[in-house]
Amino acid sequence: MNAFIDFIMGPMVWIAFLIFILGLILKLVMIIKDVNARESYVYSYLTWKHSLRSIFAWLIPFFPQSTKQSPIFYSISYIFHLLLFIVPIFLMSHIVLVNEAFQVSWMALDDGVADILTLVVIFALVFFAIRRMMVPEVKYLTSFTDYILILIVALPFITGFLAYHQFFLYRWMVIAHVISGEMMLILIPFSRFSHMIVAPLTRAYIGSEFGNVRHAKDW
Ligand code: HEM
Ligand code: HEM
């Protein structure tokens, strides 16, 4: 049992990060191969200018029309995505671990602030789950897997929060936290969360088609 826990808390952390990064690269290569094989005409109008223009327009809060039509969902989604990256990267506990391994460090969030932001992320994920149950046109497209995926993103935040506060079973909570963090990272390239790569590519494609072919805006 101890050897298993040592593995989970040690080498598996690096393996998870490697699968996450290599998995995303593999995903990108597969998309490019697929486009080359089936829709290579896309290259006739794909441009950096129209791609970047669309990606940046969609990064500005409430700039695109459709985001104005669902202001609550988009506000929460925007804040959620920012915090999903900011909280784990700038968390003191995480920076300390990186520093022990690589002797590098960077500025950290105040622990109290990180704690509140963690609750904001958990709230956002509860909101996404409830929205999937309540909004008919979203419910129609929702399967059980969608709820599981939301839970998989929530778990590292819930267990991280519980471990930090040492409410109960501290050691087990840290182990559960690391396992859930590894699981989330590993699943990103192979689940719907590969939209991390797909979403900007979709913007590039639609942005170029609108900008370069139809001479219109896609936001
Ligand atoms: C996979 C490797 C990971 C390791 C080794 C790790 C390690 C840790 C440690 C040691 C703590 C502090 C617990 C304490 O205070 O005793 C912590 C807290 C936390 N971690 Fe991680 N973590 C990992 C992944 C993640 C991921 C992927 C996320 C989120 C995307 C995450 C989010 C958090 C949060 C939100 C907290 C607590 C913040 C708070 O309420 O103050 N961690 N982590
Ligand atoms: C930088 C990379 C990412 C981009 C550009 C992105 C973009 C998006 C977009 C466009 C949506 C649809 C809703 C909306 O328009 O706001 C969305 C929803 C969502 N994304 Fe991301 N995303 C990224 C990374 C991630 C990652 C890494 C995760 C999880 C690990 C994630 C989890 C989610 C969740 C949970 C939702 C809500 C889905 C639901 O309703 O169930 N995103 N994202």
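**Exercise 1. Classify L169 as buried or exposed, and place L169 in the chain.**

Step 1. L169 has 12 other C-beta atoms within 10 Å, so L169 is exposed. The cut-offs: a residue is buried if 20 or more other C-beta atoms lie within 10 Å of its own, exposed if 12 or fewer, and partly exposed in between, with C-beta atoms placed from the backbone.

Step 2. L169 sits in the loop between α9 and α10. Helices (H or I, at least four residues) and strands (E, at least two) are DSSP runs, numbered from the N terminus.

Step 3. The phi of L169 is positive, about 40°, although L169 is not a glycine.

A note on the model. This is a predicted model, in which local features need pLDDT of at least 70 and side-chain atom pairs count only at pLDDT 80 or more, while totals for chains, interfaces and linings use all residues. Residues are numbered from 1 along each chain as its sequence is written, and chains are lettered from A and ligands numbered from 1 in the order in which they are written.

**Exercise 2. Describe the protein as a whole.**

Step 1. Count the elements: there are 11 helices and 0 strands.

Step 2. Take the box: the C-alpha atoms fill roughly 60 × 35 × 35 Å along the principal axes.

Step 3. Check burial: 16% of the 219 residues count as buried.

Step 4. Look at contacts (C-beta atoms, placed from the backbone, within 7 Å). Among those with a separation of 6 or more, 67% join residues 24 or more positions apart.

**Exercise 3. Which residues surround ligand 1 most closely, and which element gives the largest share of the shell?**

Step 1. The shell holds 25 residues, and the closest are S93, P156, G160, Y164 and G181. A residue is near a molecule if its C-beta atom, placed from the backbone, lies within 6 Å of it.

Step 2. Elements giving two or more residues are α2 (11–38), α5 (71–89), α6 (92–102), α7 (111–134), α9 (144–165) and α10 (170–187). The largest share, 7 residues, comes from α10.

Step 3. Sort by type: 16 are nonpolar, 6 polar and 3 charged. Here Ala, Val, Leu, Ile, Met, Phe, Trp, Tyr, Cys and Pro count as nonpolar, Asp, Glu, Lys and Arg as charged, and the others, Gly among them, as polar.

**Exercise 4. How many residues surround ligand 2, and how do they divide?**

Step 1. Ligand 2 has 16 residues around it; the closest are S77, F128, F193, M196 and A199.

Step 2. At least two residues each come from α5, α7, α9 and α11 (195–213).

Step 3. The shell divides into 11 nonpolar, 3 polar and 2 charged residues.

**Exercise 5. Find the largest nonpolar core and its main supplier.**

Step 1. A nonpolar core is a set of buried Ala, Val, Leu, Ile, Met, Phe, Trp, Tyr and Cys residues joined through C-beta atoms within 7 Å. The largest has 14 residues; V87, V121, A124, L125, M184, L185 and I188 touch the most other members.

Step 2. α7, α9 and α10 each give two or more residues to this core. The largest share, 5 residues, is from α7.

Step 3. Follow L185: beyond residues up to four places away in sequence, L185 touches A16, F17 and F20.

Technical notes
Two residues are in contact if their C-beta atoms, placed from the backbone, lie within 7 Å.
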